[in-house]
Amino acid sequence: MRGAALGLVLWAAGAGLAQAERVPVAQGEVIRATLIDPTDRYDHDILGSLPDWGGLVIKVNTCLECAGFIFADVVVTLPKTRVFEDVEARVADLDGDGRSEVIVVETDMARGATLAIYDATGKRASTKPVGQTHRWLAPAGIGDFDGDGRVEIAYVDRPHLAKELVFLRYADGTLTEIARAPGFANHRIGQEVISGGTLRCDGQDRLIVASGDWSRRLTVRLDGRRITAKDAGPLTGTDQWQPVCP
């Protein structure tokens, strides 16, 4: 588990579910994930009054072929030197195998934030820490941003400093960086939400982020390993992040 403790709580829903119909938790279907155990042990406070989190619960269905559900709560508890520094845990099928993974910002308090991938077996992969304490990254979106049928994960590396937009792919338990470019943002210091996200336009996913100076809204796609951004108007009002296709 790479320094995280893993626990398991089982509970059933539905009547008459045979023991033989269950699959091992590691082969189950991730349904949702929730951050737990709010903590103030890290003094970064990049998300304003929102807490950091000391744990994560991953709800897994272990009864894939039967008329009902048997859920297993996989509980991840971080060591005291780490926190989940995020607004939520995201669930998506990243590698196209039909089973979802969990995507969350996990921070080493001495070395900064990482983007971490979990599933029912625990932690599967993460980016390298951004390098020092009080340095963070902000997830930007998940989707097929280049139209090739594979899923990409986007985040902004240090959205208040470096302002680099990064695209990754996850496969075979490994995260691979495929593109990076400067000049983008999706969070301001103290903001309790991460702005932008993924928008479906004309049958293809687009990423919505801000320009690095927060003057413009941008729609972004991948073109091979090149990041292509299109101006989608000024950022001037409370409706600035309403979904609008270019």
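The chat below covers ring pairs, then a sheet.

Analyst: This is a predicted model, where local features need pLDDT of at least 70, side-chain atom pairs count only at pLDDT 80 or more, and totals for chains, interfaces and linings use all residues. Residues are numbered from 1 along each chain as its sequence is written, and side-chain values use heavy atoms, with hydrogens and water left out.

User: How many aromatic pairs are there in the whole structure?

Analyst: The search finds three. Rings of Phe, Tyr and Trp (its six-membered ring) pair if their centres lie within 6.5 Å; planes under 30 degrees apart are stacked, over 60 edge-to-face, the rest tilted. Phe 69 and Phe 71 are stacked, at 5.5 Å between centres and 10° between planes.

User: Phe 71, buried or exposed?

Analyst: Phe 71 is buried, at 12% relative accessible area. Phe 69 is partly exposed, at 42%. Buried means under 20%, exposed over 50%, partly exposed in between (1.4 Å probe, protein chains only).

User: Why is the pair Phe 145 and Phe 167 edge-to-face?

Analyst: Their planes stand at 70°, with centres 5.6 Å apart, so the pair counts as edge-to-face. Phe 145 is in the loop between strand 10 (137-143) and strand 11 (152-157), and Phe 167 is in strand 12 (residues 164-171), so the pair ties together parts 22 residues apart in sequence. Strands are DSSP runs (E, at least two residues), numbered from the N terminus. Both Phe 145 and Phe 167 are buried.

User: Now the sheet. What is the strand order?

Analyst: The order is 10-11-12-13, in an open sheet of four strands with antiparallel pairing. Two strands pair if DSSP finds at least two bridges between them.

User: How many bridges join strand 12 to strand 13?

Analyst: Eight. In one of them, Leu 165 has Ala 181 in strand 13 as its bridge partner.
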